[in-house]
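Subject: Structure handover and notes

Dear colleague,

Please find below the structure that I am handing over to you. My notes on what was found in it follow directly after.

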Amino acid sequence: LRAHAVDMNGNKVENPIDLYIYVIDMNDNRPEFINQVYNGSVDEGSKPGTYVMTVTANDADDGTTANGMVRYRIVTQTPQSPSQNMFTINSETGDIVTVAAGLDREKVQQYIVIVQATDMEGNLNYGLSNTATAIITVTDVNDNPPEFTTSTYSGEVPENRVEVVVANLTVMDRDQPHSPNWNAIYRIISGDPSGHFTIRTDPVTNEGMVTVVKAVDYEMNRAFMLTVMVSNQAPLASGIQMSFQSTAGVTISVTDVNEAPYFPTNHKLIRLEEGVPTGTVLTTFSAVDPDRFMQQAVRYSKLSDPANWLNINATNGQITTAAVLDRESDYIKNNVYEATFLAADNGIPPASGTGTLQIYLIDINDNAPELLPKEAQICEKPNLNVINITAADADIDPNVGPFVFELPSVPSAVRKNWTITRLNGDYAQLSLRIMYLEAGVYDVPIIVTDSGNPPLYNTSVIKVKVCPCDENGDCTTIGAVAAAGLGTGAIIAILICIIILLTMVLLFVVWMKRREKERHTKQLLIDPEDDVRDNILKYDEEGGGEEDQDYDLSQLQQPETMDHVLNKTPGVRRVDERPIGAEPQYPVRPVIPHPGDIGDFINEGLRAADNDPTAPPYDSLLVFDYEGSGSTAGSVSSLNSSSSGDQDYDYLNDWGPRFKKLADMYGGGEED
């Protein structure tokens with residue numbers, strides 16, 4: 001504080017002075033830990049004095065006095081194993097260190113330590129205290145080597161199989177699971193010099209899986225005795241030795257299976273000249289059965305023989321020719337013929353292998369040269385227009401060119417009219433020897449000889465068209481026709497034949513259209529009103545009565561002759577009537593009327609019409625224009641509708657139900 005001295009009037013009487021008031025600290029604040037929970041770790045097996053962690057507490061009181069001087073101590077340790085005092089704490093700094101040996105993670109993985117901080121320099125009677133928790137984790141070190149659960153393992157594998165798990169090796173490791181101190185690594189120490197096996201670790205179970213990576217052969221090794229060792233990814237801790245249980249033996253048995261025969265030389269190549277005769281022995285293409293401990297027979301057969309040139313002995317594999325081998329065949333590629341054969345044993349199950357035989361065919365001079373081109377044209381007068389000729393030979397060098405071209409001596413006209421000039425070994429020129437040759441087509445024979453040993457020759461014919469040429473040496477159009485051997489008369493004849501053929505085709509088309517038109521016209525000749533086929537006819541309308549009708553029924557009587565029918569005017573008959581002259585004899589109605597007479601007459605007429613070969617193939621009207629000879633029925637034109645008359649109509653009752661209405665009308669007497 002600053003104090004001032006003044007008089008009653010406020011006048012300064014002394015200089016101001018400073019007054020200092022000192023606040024004396026009282027222990028009224030407890031120490032406070034920065035964290036309520038502290039986490040630390042220490043390796044198992046650590047020596048005494050190994051630093052673990054530091055805890056810190058702050059006190060708000062004066063640190064220069066005992067009120068703010070904090071001291072630390074461990075109150076409790078859980079668990080108290082292997083000793084109740086495994087750790088100690090520096091009372092001033094709060095550093096926690098190990099004080100005893102024996103930390104083992106496999107026994108105690110974590111300790112919980114209660115730490116107390118007290119001011120007043122740790123005086124428990126006067127000081128204030130506070131506590132915190134220190135969690136100490138014992139970390140794992142590789143102090144436990146892996147150990148096999150048994151000293152020997154066994155497994156079995158079929159020969160020629162790979163990626164097969166033969167045996168599972170189990171180990172025990174007390175270190176922390178799925179850590180480098182626990183993960184196992186397996187090695188084959190001995191027993192597998194060829195590297196047939198490897199051991200892979202299962203990442204979940206830590207087991208070792210003995211796996212075949214290289215096929216084993218029963219005929220070479222029937223069993224394997226492996227020595228394997230296991231270790232961890234992390235090295236063992238200092239002072240820890242490998243256990244004798246980290247080594248084990250694995251016995252693997254190999255089982256025999258039926259293996260396919262194989263051809264030791266595949267592909268096998270042989271060389272021979274083409275054209276060897278049928279039945280020639282070429283080679284023996286035999287296979288080997290690797291199953292030495294099985295008594296099996298091998299049989300041979302063809303699998304692929306494109307040209308069917310070869311045979312193979314089913315027992316010993318001897319190959320002979322079944323046809324003549326031709327190097328110029330389409331089945332030959334680069335002078336090589338390829339065939340595939342099958343070798344099969346009789347094991348259970350049977351097995352088979354294939355082998356390829358390649359035959360290199362050496363060319364011989366077996367093909368005569370062929371002249372090229374086959375056709376050419378030349379002017380009828382000699383000039384620069386010549387024909388270049390060459391030859392084609394299916395053989396190869398030295399059985400091809402140079403070629404020799406020459407004209408035969410017979411017929412003599414060939415050498416008289418033509419000449420050959422050699423250009424080089426493969427080409428020559430054919431030209432006219434004479435000054436003029438009539439236009440036409442000439443067959444010029446030429447002998448072509450190759451250079452083979454012995455040489456072969458062939459007489460080929462080239463068709464040469466000799467024609468008139470223009471100033472450029474090209475055949476004219478007329479000349480080309482003349483050269484084809486056709487004169488003016490022949491050309492005219494061909495044109496006439498073409499015109500006649502076209503005319504015949506046109507007439508045939510016109511005739512077909514006319515016939516089609518007549519067929520449609522014939523179908524329309526019948527008036528639909530007159531056509532009674534499949535139509536309903538109404539007979540229930542009688543008009544004004546019979547006395548109003550003036551019918552001429554005389555035509556219903558049987559005529560004595562057929563003159564009136566035969567004398568019909570042409571064109572009066574219907575188009576679908578059958579011809580009169582060809583009609584068969586239809587039945588005649590009996591003289592004496594009978595109630596069943598009409599039905600029988602109609603049935604007999606129908607039967608006769610069905611059996612008539614001249615009848616059309618469709619339903620048509622049958623002509624019933626007379627009623628038979630000797631009919632007693634007179635003309636009905638005299639009948640009228642009056643009820644007076646002496647005629648008796650009672651017999652109508654006997655004619656059946658069809659005439660019942662007529663009988664009712666006329667058979668009733670005067671009262672009707």
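I begin with a strand pair: β24 and strand β25 (residues 318-321) run antiparallel and are joined by 3 bridges, where strands (E, at least two residues) and helices (H or I, at least four residues) are DSSP runs numbered from the N terminus, and two strands count as paired if DSSP finds at least two bridges between them. Within this pair, Asn311 has Thr320 of β25 as its bridge partner.

Before going further, please note that this is a predicted model, in which local features need pLDDT of at least 70 and side-chain atom pairs count only at pLDDT 80 or more, while totals for chains, interfaces and linings use all residues. Residues are numbered from 1 along each chain as its sequence is written, and side-chain values use heavy atoms, with hydrogens and water left out.

The strands β22, β25 and β24 form, in that order, an open sheet of 3 strands with antiparallel pairing. Since β22 (281-284) and β24 (310-312) stand at the edges and each has a single partner strand, one side of each is left without a neighbour in the sheet. From one strand to the next, the twist averages 25 degrees, with axes taken as lines fitted to C-alpha atoms (for helices over the stretch in contact) and angles running from 0 to 180 degrees between N-to-C directions.

Another antiparallel pair is made by strand β1 (residues 2-6) and strand β2 (residues 12-18), over 4 bridges; here Arg2 has Asp18 in β2 as its bridge partner. The two strands β1 and β2 form a hairpin with 5 residues between them, and Gly10 in the turn has a positive phi of about 85 degrees.

Turning to charged side chains, the count comes to 9 salt bridges, a salt bridge being a side-chain nitrogen of Lys or Arg within 4 Å of a carboxyl oxygen of Asp or Glu. One of them joins Arg105 and Asp140 at 3.1 Å, N to O. Because Arg105 lies in the loop between β9 (95-98) and β10 (110-118) and Asp140 in the loop between β11 (129-139) and β12 (147-148), the pair ties together parts that are 35 residues apart in sequence. Both Arg105 and Asp140 are buried, where buried means under 20% relative accessible area, exposed over 50%, and partly exposed in between (1.4 Å probe, protein chains only). Arg105 and Asp140 also belong, with Glu106, to a network of salt bridges.

A salt bridge between Glu163 and Arg200 has its closest N and O atoms 3.1 Å apart, and links Glu163, in the loop between β13 (152-158) and β14 (165-169), to Arg200 in strand β17 (residues 197-201), 37 residues apart. Arg200 is partly exposed, with a relative accessible area of 37%. Arg327 and Glu328 form a salt bridge too, with the closest N and O atoms 3.1 Å apart, and both Arg327 and Glu328 are buried.

As for the protein as a whole, the secondary structure comes to 6 helices and 35 strands, and buried residues make up 31% of the 672 residues. Among contacts (heavy atoms within 4.5 Å) between residues at least 6 apart in sequence, 65% join residues at least 24 apart.

With kind regards
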